[in-house]
2 protein chains.
Amino acid sequence: MPQFLSNNKKYYTPVEYVFSKIGGTYKMPILWRVKDRAWRYSELKKSISNVSDRMLSKNLKELCDDGFISKTIIPEVPVKVEYTMTERGQEAIPIISVLRDYGFSLMKQDGIKD
Amino acid sequence: MPQFLSNNKKYYTPVEYVFSKIGGTYKMPILWRVKDRAWRYSELKKSISNVSDRMLSKNLKELCDDGFISKTIIPEVPVKVEYTMTERGQEAIPIISVLRDYGFSLMKQDGIKD
DNA sequence: TTAGTAACTAACATTTATGTAAGTATGCCA
DNA sequence: TGGCATACTTACATAAATGTTAGTTACTAA
């Protein structure tokens, strides 16, 4: 396998690089929601089953730091925080869409009903 | 998030189901190699950087059990084992291809040379 | 009888990802 | 002053993925 470095971490494939950015249990679910409108922290919390504050804020922070979403703090009372897509984030959506479709196809092959 | 069961494990999204089948560090690298010809165990071992016997044989077994590749034992001396794609495995290739292309695109955005 | 090769397999250790519970900051309102 | 709300953050614990080392089977050739 080829290999390359980024931030002192070694990657062996481009696919591995993708998952370092948008992999894990919650990042794609977050991006998928935020794709067409601004979402508040509390909305995401309610909408994504079982996500803890720890994982939600960790993943939101990483997605911001990596440029996939952006964060707006609206100084109302109590404070309101909104997350929206960046252009880089939008580019991830077709890939997630392909994975979703493939997931449904596998589920069908395996006799799983959703 | 919606949810469904398969083999007593709970899944929340179709994407999660995809990764339960072809996710992890080595499954896509294996499928990507096996896509156009038969590969021997020892060839895969040499070709995939850093993979241990434990992970290689575990992943090969799971990919077989899940119907993505098939295994042929050729009773020469010493024994020869070959892995080839199934039709179900072939269907995964375009998805891996999309992920690879996206990986290269992210790497380019991030100034990483391969 | 010993050694060598291919393809595993099992036991145990470590690393990484995720879960749980509690606490913090800000500001308002009663 | 106390309590409530949103959006986190921290410390600690558990679970899941992967790594390491050694061993196994089956057969042949020296």
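**Close-up views of a predicted two-chain model**

**View 1. Helices α2(A) and α5(A) cross in a left-handed manner.** In this predicted model, the contact between the two helices is made on one side by M28(A), L31(A) and W32(A) of α2(A), and on the other by A92(A), I93(A), I96(A), S97(A), L99(A) and R100(A) of α5(A). Sorted by class, the residues of this contact comprise seven nonpolar, one polar and one charged. Helix α2 of chain A covers residues 27–34 and helix α5 of chain A covers residues 87–109, and their axes come within 10 Å of each other while crossing at roughly 115 degrees. Two packed helices are described by the angle between their axes together with the distance between those axes.

**View 2. Chain A, shown by itself, contains five helices and five strands.** Read from the N terminus on, the elements of chain A follow the order β-β-α-α-β-α-α-β-β-α. Taken along the principal axes, the box filled by the C-alpha atoms of chain A is roughly 50 × 45 × 25 Å.

**View 3. The interface of chain B and chain A takes 38 residues from chain B and 38 residues from chain A.** The size of an interface is often given as the accessible area lost when the parts come together. Between chain B and chain A the buried area is about 3400 Å², and carbon and sulfur atoms give 71% of that area. Across this interface there are 10 residue pairs in polar contact, counting pairs in which both residues are at pLDDT 80 or more. On the side of chain B that touches chain A, at least two residues are supplied by each of β1 (4–6), α1 (14–22), α2 (27–34) and α5 (87–109) of chain B. Helix α5(B) gives the largest share of that side, with 14 residues. Divided by class, the side of chain B that touches chain A has 24 nonpolar, seven polar and seven charged residues.

**View 4. A salt bridge joins the side chains of D110(B) and R88(A), with an N to O distance of 2.8 Å.** This pair crosses between chains, running from D110(B), in the segment after α5 of chain B, to R88(A), in helix α5 of chain A. Side chains of opposite charge can pair when their charged atoms come close. Between chain B and chain A the count is two salt bridges, while the structure holds 16 salt bridges over all chains.

**View 5. A cis peptide bond joins V77(A) and P78(A) in chain A.** For this bond omega is about -5 degrees, and P78(A) lies in the loop that runs between β4 (69–74) and β5 (80–85) of chain A. In chain B, the peptide bond from V77(B) to P78(B) is likewise cis, with omega near -5 degrees, and P78(B) is found in the loop between β4 (69–74) and β5 (80–85) of chain B.

**View 6. N8(A) has a positive phi although it is not a glycine.** The phi value of N8(A) is about 65 degrees, and the residue is found in the loop between β1 (4–6) and β2 (9–11) of chain A.

Notes:
Residues are numbered from 1 along each chain as its sequence is written. Chains are lettered from A and ligands numbered from 1 in the order in which they are written. This is a predicted model: local features need pLDDT of at least 70, side-chain atom pairs count only at pLDDT 80 or more; totals for chains, interfaces and linings use all residues. Side-chain values use heavy atoms; hydrogens and water are left out. Axes are lines fitted to C-alpha atoms, for helices over the stretch in contact, and angles run from 0 to 180 degrees between N-to-C directions. Helices (H or I, at least four residues) and strands (E, at least two) are DSSP runs, numbered from the N terminus. A crossing is left-handed if the near helix is turned anticlockwise from the far one by less than a right angle, and right-handed if clockwise. Contact means heavy atoms within 4.5 Å. Ala, Val, Leu, Ile, Met, Phe, Trp, Tyr, Cys and Pro count as nonpolar, Asp, Glu, Lys and Arg as charged, and the others, Gly among them, as polar. Buried area is the accessible area (1.4 Å probe) that two parts lose on being put together, summed over both. A salt bridge is a side-chain nitrogen of Lys or Arg within 4 Å of a carboxyl oxygen of Asp or Glu. A polar contact is a pair of N or O atoms within 3.5 Å; within protein, one must be able to donate a hydrogen and the other to accept it, and residues adjacent in sequence count only if both atoms are side-chain atoms.
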